[in-house]
Amino acid sequence: MEMHQVRYFLAVAQLLNFTRAAEECNVTQPSLTRAIKQLEAELGGDLFRRERPAAQLTELGQRMHPLLKQCYDAAAGARSLASSFKSGEIGALRIALTHSIDLALLIPHLSEIKRQFNRLELRFLRGSSREVAEFLKKGEAELGIAAEIDESWERLDVWPLFTEGFELVVSSGHRLAGRCNVELDDLRAEQLLGRTFCEHSSRIAASLREHGIEHGHEISSERDLIELVEADVGVAMVPHTSTVPEKLTRTAVTGLDARRTVSLYGVAGRQRTAVANAVMRMLRGADWREIAG
């Protein structure tokens, strides 16, 4: 089945006249009639009763009409979408982030990208560092952002963006709230909330254990972590770039050896969309010093 055959069929079905339909499609009537006969042969029956003064849809024609119209509209939509992507009118971005990366890091850059494209289609994927690597391998994401990906795949490109430290977050009514910094000894009596979704959670836990401090709870999502801190169930160590509510307070921990490097990841040799290339240039060229503290 060819799309021009479907187009001719829809024109005749609308005008109920082969001559006028040929004029509408800008083809000769014999060409239009021949195409419809080929379509009828493929579908196994007549689509029209050739009557005068007007053609009429047969039972088969009536049943096929909505299906063929849907098929034609879908094809036309696909062509239009492809043309828009090719001309740059529509931009698409598929990016994967680990659970510990705050989306707020991307917002200023996405706002700039929006001004460059008439339409912007975004797809954000979340996962562990291993899952982000799989998203990149399978082509489900063009770019990835993570504090660390434990993957030795030779096609994985890595561009470090910034390095940041971790801070203690407590509720506003907590005994440590409002202090400029706290000592590790101050944490011995606290219930620490472990961010198991963070790539560096095991390293932070190991560093704290060296000073006799154990995590009291294991939390698998940032939202749950924040709600538990707000409820004063425990305190937490979070990256400097993590967004926390204003009613929580954050402070530096003296003597804690915990830093992480956030990097941008891509796949070497794989063609990227115009949006992905623009975002990659923005992120690599950004001055992260103020954001990363």
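**View 1. His174 and the residues it touches.** Leaving aside neighbours within four places in sequence, His174 is in contact (heavy atoms within 4.5 Å) with Glu190, Asp232 and Val235. This is a predicted model, so local features need pLDDT of at least 70 and side-chain atom pairs count only at pLDDT 80 or more, while totals for chains, interfaces and linings use all residues. Residues are numbered from 1 along each chain as its sequence is written, and side-chain values use heavy atoms, with hydrogens and water left out. You'll find His174 in the loop between E6 and E7; strands here are DSSP E runs of at least two residues, helices are H or I runs of at least four, and both are numbered from the N terminus. A polar atom of the His174 side chain lies 3.0 Å from the backbone nitrogen of Leu176. Is His174 buried or exposed? It counts as buried, at 10% relative accessibility; buried means under 20% relative accessible area, exposed over 50%, and partly exposed in between, using a 1.4 Å probe and protein chains only.

**View 2. Strand E11 and its partners.** Strand E6 (residues 156-171) pairs with strand E11 (residues 248-254) in the antiparallel sense, over four bridges. Two strands pair if DSSP finds at least two bridges between them. Look for Ser171, whose bridge partner in E11 is Leu248. Strand E7 (residues 181-183) runs parallel to E11, and three bridges join them. Here Glu183 stands opposite Thr254 of E11.

**View 3. Helix H9.** This helix takes in residues 274-285, twelve residues in total. Its end C-alpha atoms are 17 Å apart, which agrees with the 16 Å it should span at 1.5 Å a residue; the expected span is 1.5 Å times one less than the number of residues. Which residues of H9 are buried? They are Val275, Ala276, Ala278, Val279, Met280, Met282 and Leu283.

**View 4. Cysteines without a bond.** The structure holds zero disulfides, a disulfide being a pair of cysteine sulfur atoms within 2.5 Å. Cys71 is in none, and the nearest cysteine sulfur, that of Cys25, is 16 Å away. Cys71 is partly exposed, with a relative accessible area of 31%, whereas Cys180 counts as exposed at 73% relative accessibility.

**View 5. Stepping back to the chain.** The protein chain has ten helices and twelve strands. Along its principal axes, the C-alpha trace spans about 95 × 35 × 35 Å. Of its 293 residues, 44% count as buried.

Methods. A polar contact is a pair of N or O atoms within 3.5 Å; within protein, one must be able to donate a hydrogen and the other to accept it, and residues adjacent in sequence count only if both atoms are side-chain atoms.
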